[in-house]
Amino acid sequence: YARVFPYSLETPKVCPHDATDERLYSKQLNSDRGASSFFRVRLLVDVLEIATDDLTFATTNGSRPEFASAGDCFSQESCPQGTFQIDLSGTGFELASIYQWKQEG
């Protein structure tokens with residue numbers, strides 16, 4: 001799955017210890033919020049890569065985040081709330097060690 005967190009903080013220059021405390025959230029929802037759940041992915045066989053922007057085999061709501069992505073506008077501090085998960089169990093595939101996750105913004 002891939003998820004863009006729907007909430008922002010009322011006071012954006014903090015990173016609370018308990019980010020689940022909804023009393024800290026702004027009343028305005030993040031316009032980029034959304035989620036995608038993938039039940040299959042398209043494999044580009046010639047390069048052995050996943051077509052991360054192909055949502056054919058996904059259920060989505062909101063902004064339709066791509067495979068292996070996440071995001072938020074939760075805080076101006078470094079406390080990311082967007083999440084994603086890749087489960088390759090039972091497929092015989094694994095992520096190459098050259099791939100690293102990066103945080104932007």
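This is a predicted model: local features need pLDDT of at least 70, side-chain atom pairs count only at pLDDT 80 or more; totals for chains, interfaces and linings use all residues.
Mentor: Local features need pLDDT of at least 70 and side-chain atom pairs pLDDT 80 or more, while totals for chains, interfaces and linings use all residues. Residues are numbered from 1 along each chain as its sequence is written, and side-chain values use heavy atoms, without hydrogens and water.

Trainee: Why is Gln81 called buried?

Mentor: Buried means under 20% relative accessible area, exposed over 50%, and partly exposed in between, with a 1.4 Å probe and protein chains only. Gln81 has 18%, so Gln81 is buried.

Trainee: What makes Arg42 and Asp54 a salt bridge?

Mentor: The term requires a side-chain nitrogen of Lys or Arg within 4 Å of a carboxyl oxygen of Asp or Glu. The closest N and O atoms of Arg42 and Asp54 are 2.4 Å apart, and the pair forms a salt bridge. At 36% relative accessibility Arg42 counts as partly exposed, whereas Asp54, at 17%, counts as buried.

Trainee: How do you know that Asp21 and Arg23 form a salt bridge?

Mentor: Their closest N and O atoms are 2.8 Å apart, against the limit of 4 Å. Asp21 is buried at 17%, and Arg23 is exposed at 71%.

Trainee: What makes strand 2 and strand 5 a pair?

Mentor: Strands are DSSP runs of E with at least two residues, numbered from the N terminus. Two strands pair if DSSP finds at least two bridges between them. Strand 2 and strand 5 (residues 58-62) have 5 bridges, in the antiparallel sense; in strand 5, Thr60 is the bridge partner of Ser36.

Definitions and conventions. Helices (H or I, at least four residues) and strands (E, at least two) are DSSP runs, numbered from the N terminus.
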